Amino acid sequence: MNQETIRDPGPQDLAGLFSRLKRHLPLSIAIVAAMLVLAYVGTKLMSPKYTASTQLQYAPAETLARDAGSQAQRSLSDQERDAAISAQLQIVSSLPVAKQVLQDKAVLNNARLREVAKAMDPSGQSVDALASALLANVAAARVGQTPLFTISYTDANPLDAARIANAFSRAYLTVQAQQKAGTEDGGKTDLKKQLELLGQRARDADAAVAAYRLRNNIVVDPTSNAPVDALNDMNNSLAGARGEAAQAAVRGAASGSTVISGGVDTSALSSLREQRAQASRDLAGLSARYGDRNPQVIDARQRVAELDKSVDREMASVSRSVRAESDAARARAASIESSLAQTQGRLASNVRAGVELAELQRQSDAARLLYSNLLATVGQQTTNLAIVQPDAQIVVEAVPPLTPSSPRLLINLLVGFALGTAIALALAYLRERWSQTINTIDDIQRLLGVDFLNSIPTLTSAIDKPRTKDAAEAVILHPMSSYAEAFRSLATTLIFDAREAPTEGGRVIGVTSALPREGKTTTTTSMARVLAMASTKVAIIDADLRRRSVTQAMCPDAAMGWTNALNGETTLRDVMITDQTGAVILPITPGAEKSQRIFETEAFKDMLATLRREFEVILIDTAPVLAVVDTRTMIPQLDSLALLTHWRRTPVKAVRAALHQIETVGGSVAGVAMTMVNLKTQAQSGYGDASYYYTDMKEYYVSN
């Protein structure tokens, strides 16, 4: 049968697919278990996070009175309500709401929030970065089809989670009311910035006026009459001071003779003059009465002289006082004159500075006016905002959660199980496709396009407690076991196939494989023994010239072999060795591998003819097809050829190559038999193979 004639896999039922998957079950279980362990360990290593939720109800309220009169309030349809609630959920997760939340100082100073924000802004001070960090952990969802919806926040700290969730609900209501009142957060923010700017400008203008006054020493208002009045007073004072100075000068000039007037005290001088006048009268009277030499006259004359000296001294003192008074009057007049000059200079400077000061004052007044107007506008908006009610209200505030929302061990284990299952399925598929091997009857027919002969089990899987480890000896010790039955079945199939050959006499059956160590020797010797125990005359030819596996297994001490008989060194009868079961063995001695094309010689053909006349079945253990050419040269002499393949080990490509080489010499195989099949494993996953039903048939076999 040409191996290319049957390649259509045909429909694959579910049991077949499951069976193929079970072949990879140990590895799949290991992968799934590893993923479950990783999921468990990962869950334990993950930091717990807590989710707090606040619940709100969507309940549209009346708008401002000025808007209420423009259109009547009407009930919303279900579709409109659904759309409105969806819009509210979008508002919750918007940037304006997050920025409104940051008005809470506790939220703004949250250390974890700032750490997250640093990933977007290294400084950690950007409001947009902080708002984005907030939005990464907030979620809003509707509760079924009800008008209720929740705002949830997730954080490593349950207290912070509840605090921020409540802050979000309040911020949402604030922003929603602002939008409803027409004072959206963006406009409010701009208005606030403008208010701050105008306030700063007004303060700067006032500061500029004050600084200019200090710099130019402007204490009073330049437009007032106070400086002029002060200047007039100083002029009057100067005139008075000059008059007093003139009078003092006149008194000073007259102080040499007679003091006319002034502020100098002259009572002592007047008293001295009166005393001198009296003394002069007394002197004149005494002189007239007593003469010039009278002692009394002399004493009176001395007294007059002393009084003259006293008058002179007093006159000098008065003169000095008058001059001092005159100097003081002149100094005071000079001082007033100097002050008047300074005052006039300052007045002139103030007049010049008053022009610029007036301009600064006008700018300051204008800035204050703008600031006052804008402040009034903001106040009006605040009043409107206080009147407007948002379209939602808080039903249940968030409380700190007692249990973490993540990680969830059960969910992670389910994810690990699903991921492990997916990896196991993918790996099973890759293993199936990467290096395909023979597993079941379906594989032989689907992948090779040849008939299936039989499955040869392993000794330990077919017999629970085998009494020997020798696979060929086990058919003798356990003749009624499924192990021995497998060889009987294979031998029977090959004998029936060989009967179709036109040759007469016994049937010559070859046993080969694509690669070494496929179980050819065990299969050949075991088939020979079960046939011999059934009274069939059977002979075994060891045709593997290089390895001599049959010879080493059954008669390692053989001195001569069938190649020696072909060379005339001995007779064929002399090299035959009879097994304990009655099977006859034709061994090979070392050196036979040196024979050239021995299987094509007439001597080999004559030997087979001789054996056909004496035996019913001649089994030939051949060399692997891909290893040497011996098997292909022997094919014309065979009535049937069985190709063995190691279960789940021999690559399909190797078997295909062996079949191709056999076909190139005009040969064919009776079919392919699987060797070393683990019946217990095959009973679990070998759907489509006879071994799949091993458990059901086990009662028909006896192990002992």
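## Confidence of the model

Within the protein, confidence reaches its lowest mean, 43, in helix H3 (residues 65-68), and its highest, 97, in strand E10. The structure is a predicted model. Its average pLDDT is 81, and 80% of the residues score at least 70.

Two stretches call for caution in reading the coordinates. Over residues 1-10 pLDDT stays under 50, and the model has 23 contacts beyond four places in sequence for this stretch. Over residues 63-72 pLDDT likewise stays under 50, with seven contacts beyond four places in sequence.

## Strand E3 and its partners

Strand E3 (residues 148-155) is largely enclosed by the rest of the structure, because six of its eight residues are buried. Strand E1 (residues 50-58) runs antiparallel to E3 and is joined to it by eight bridges. In this pairing, leucine 56 stands opposite phenylalanine 149 of E3.

Strand E2 (residues 138-142) also pairs with E3 in the antiparallel sense, over five bridges. Here valine 138 has tyrosine 153 of E3 as its bridge partner. The hairpin of E2 and E3 has five residues between the strands, and glycine 144 takes a positive phi near 60° in it.

## The eight-stranded sheet

An open sheet is formed by eight strands in the order E5-E12-E11-E6-E10-E7-E9-E8, and its pairing is mixed. Strand E5 (452-457) and strand E8 (577-578) stand at the edges; each has a single partner strand, so one side of each is left without a neighbour in the sheet. The pairing of E5 with strand E12 (residues 671-677) is parallel and spans three bridges. Phenylalanine 452 stands opposite valine 672 in E12.

## Helices packed on the sheet

Helix H18 (residues 482-498) packs on this sheet, where it touches E5, strand E6 (507-513), strand E10 (617-621), strand E11 (640-646) and E12. The direction of H18 makes about 155° with that of E5.

Helix H19 (residues 520-533) packs on the sheet as well, touching E6, strand E7 (538-542), E10, E11 and E12. The direction of H19 makes about 165° with that of E10.

Asparagine 110 lies in the loop between helix H6 (105-108) and helix H7 (111-117). With a relative accessible area of 8%, asparagine 110 is buried, since the cut-off for a buried residue is under 20%. The side chain of asparagine 110 makes a polar contact with the side chain of aspartate 160, at 3.3 Å.

How values were computed
Residues numbered from 1 in each chain as written. Heavy atoms only, no water. Helix = DSSP H or I, 4+ residues; strand = E, 2+ residues; numbered from the N terminus. Buried < 20%, exposed > 50% of the residue type's maximum accessible area, 1.4 Å probe, protein only. Polar contact = N/O pair within 3.5 Å; in protein donor to acceptor, adjacent residues only side chain to side chain. Pairing = 2+ DSSP bridges. Contact = heavy atoms within 4.5 Å. Axes fitted to C-alpha atoms, helices over the stretch in contact; angles between N-to-C directions. pLDDT = per-residue confidence, 0-100.
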